Amino acid sequence: MTDRVAVFDTTLRDGEQSPGCSMTPDEKVRFARQLERLGVDVIEAGFPVASKAELEAVRRVAAEVRSCSVAALARAKEEDIEPAARALEPAARPRLHVFLATSAIHLEHKLKIRPAQALRQAAEAVRYARSAVYDVEFSAEDASRTDYSFLREVAQAVQEAGASVFNVPDTVGYALPDELGAVFARLHQDVPGLTLSAHCHDDLGLGVANSLAAVRAGARQVEVTINGIGERAGNTSLEELVMALRVRQESLGLSTGVRPEELTRASRLLSSITGIWPQPNKAVVGRNAFAHEAGIHQHGMLANPLTYEIMTPASVGAGESLLVLGKHSGRHAVESRLLALGCRLGAQELDELTAEVKDLADRKKFVYDDDLLALAGRAPAGELRLVRYQAVTGNSVLPTATVEVERDGRAHAASAVGNGPLDAALKAADAALGLDLELLELHTRAVTAGKDALAEVSVRVRFDGREATGQAASTDSIEAALKAYLTAAGAARVGQEAA
Ligand code: MN
């Protein structure tokens, strides 16, 4: 018999807070569908008081997700709890997540309140949250640096006020596994009946080790993110923790409800939405996580994979990309494949995407899952659209590009020379747009293998003090870069008008 550990995914909240990982409401909904398919227990969808758009995003996730709980975060005050409860109204299983710092350093310097006040505020906030939502979780921010007897008092007070889950965050990533394990063991003994939760950060690369120490000492919920994204060095990585529990189940006696064969897909979907890919040697989901290079290892693998493999790529859904679509595939095939990958599109979007799939299949014969996700995941170009472009380059001519863009329904064209075709194309785009964008980052990635691969380009630009990102895919890397650039430019303009 194994004991079940609940998986609380905070990719859409803590993860989304990390630089370059912010998501639109549409992207949050799309990713939440994949989390539901993955089988997590709780999806933390956001922090509704932060903005109207954030509240709307949480509300849409709450309306979409049926089989897992949807959580919304709130500080321990009515003006936060009220919008969080409102955002959770459509949820099948709402959870309100209230937090307040408890460490001396946070109380004194950040909140400027005494411990007795914090204790009262925590209990009052939980009681208020319980008046709106039955399932309330309380987080003692910076718990790992909180004096134990005070932490225990807070746990008892919020339990009495109606919280069912008590989260112990290692907010600053400072704890060591044996220390954190000891805190959980004491709480487990001192405050029975409360589900204990671990929320660890990876500042010292100990997120997974600390979370494992917590569950071994009685925690029955872990707060994690896909690809380990999150504040600073990130949060405990869901895929690593889940696979550690699974591969070492005999030793640990613990299990989760996660379907590991969905892990790779979740990781890739997140990367294609944010444009940030995990390092190649990242455990479980990195490109090289199952690559055996050394001759001795290869020899062993051929004789028997168990010589060097503790889990198979197939067990986490990795391996060859599935060949799915060609130019004869219709709308229905595109739709069903997309649904299988976690994307549901509206009728018009689907028609447009089917046309793009055929167009791509014409150029490169086959369209793989990754290609499809890249096509489906590209952000809308706002009012900026690439009409056509042309670049002339070579080692004996001056690289020159002409770009025509549609801006607010009107075509504008411009030409420029540069120190390469990409530089020339982006300068021409600037001239055509009449905008002076600062290019902060540009990453190009081959989405699939082969010389005919689809290039996915992510760009980050700064315009008038605001940053925005864009992604696009094409077999032509200059075209992909231009489309990504226009997407980012459109987003920066929208930001300008909203501000
Ligand atoms: Mn955190």
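Trainee: Is Gly275 buried or exposed?
Mentor: Gly275 is buried, because its relative accessibility is 11%. Buried means under 20% relative accessible area, exposed means over 50%, and partly exposed lies in between, with a 1.4 Å probe and protein chains only.

Trainee: What am I looking at, and how is it numbered?
Mentor: This is a predicted model, with residues numbered from 1 along each chain as its sequence is written. Local features need pLDDT of at least 70 and side-chain atom pairs pLDDT 80 or more, while totals for chains, interfaces and linings use all residues; side-chain values use heavy atoms, without hydrogens and water.

Trainee: Back to Gly275. Where is it found?
Mentor: Gly275 is in the loop between helix H12 (263-274) and helix H13 (295-303). Helices (H or I, at least four residues) and strands (E, at least two) are DSSP runs, numbered from the N terminus.

Trainee: What does Gly275 touch?
Mentor: Leaving out residues up to four places away in sequence, Gly275 touches Ser458 and Gln471. Contact means heavy atoms within 4.5 Å. Thr469 is 194 residues from Gly275 in sequence, yet their C-alpha atoms are 8.7 Å apart.

Trainee: Which domains does the chain have?
Mentor: The assignment gives domain 1 (6-269), domain 2 (291-376) and domain 3 (384-498). Such bounds come from an automatic or database domain assignment.

Trainee: What separates the centres of domain 1 and domain 2?
Mentor: Taken over C-alpha atoms, the centres of domain 1 and domain 2 are 32 Å apart. The contact between them takes 14 residues from domain 1 and 19 residues from domain 2.

Trainee: New topic. How many disulfides are there?
Mentor: Zero, in a search of the whole structure. A disulfide here is a pair of cysteine sulfur atoms within 2.5 Å.

Trainee: Are Cys21 and Cys68 buried or exposed?
Mentor: Cys21 is buried, because its relative accessibility is 2%. Cys68 is buried too, at 1%.

Trainee: Now H3. How many residues does it have?
Mentor: H3 has 13 residues, 52-64. From first C-alpha to last, H3 reaches 18 Å, close to the 18 Å expected at 1.5 Å a residue. The expected span is 1.5 Å times one less than the number of residues.

Trainee: Which residues of H3 are buried?
Mentor: Glu54, Leu55, Ala57, Val58, Val61 and Ala62 are buried. Seen down the axis of H3, the buried residues fall within an arc of 160°, so they line one face of the helix. The arc is that of the directions from the helix axis to the C-beta atoms.

Trainee: What do the buried residues of H3 pack against?
Mentor: They pack against helix H2 (25-38), strand E3 (42-46), strand E4 (69-75) and helix H4 (78-87).

Trainee: And H7, what is its span?
Mentor: The end C-alpha atoms of H7 (residues 148-161) are 20 Å apart, which agrees with the 20 Å that its 14 residues should span at 1.5 Å a residue. Its buried residues are Tyr148, Phe150, Leu151, Val154, Ala155, Ala157, Val158 and Ala161.

Trainee: What covers those buried residues of H7?
Mentor: The cover includes helix H5 (104-111), helix H6 (115-132), strand E6 (135-141), E7 and helix H8 (177-190). Just after H7, Gly162 takes a positive phi of about 120°.

Trainee: What is the place of Phe166?
Mentor: Phe166 is in strand E7 (residues 165-170). With a relative accessible area of 0%, Phe166 is buried. Not counting residues up to four places away in sequence, Phe166 touches residues including Leu151, Val154, Ala155 and Val158.

Trainee: Which residue other than glycine has a positive phi near 60°?
Mentor: That is Asn227. Most residues other than glycine have a negative phi. Asn227 is in the loop between strand E9 (221-224) and helix H10 (238-247), and is buried, with a relative accessible area of 10%.

Trainee: What about Arg232, where is it found?
Mentor: Arg232 is in the loop between E9 and H10. Arg232 has a positive phi of about 55° although it is not a glycine. Arg232 is partly exposed, at a relative accessible area of 47%.

Trainee: Last one. Where is Ser255?
Mentor: Ser255 is in strand E10 (residues 254-255). Ser255 is buried, with a relative accessible area of 17%. Leaving aside neighbours within four places in sequence, Ser255 is in contact with Thr2, Asp3, Arg4, Val5 and Gln249.
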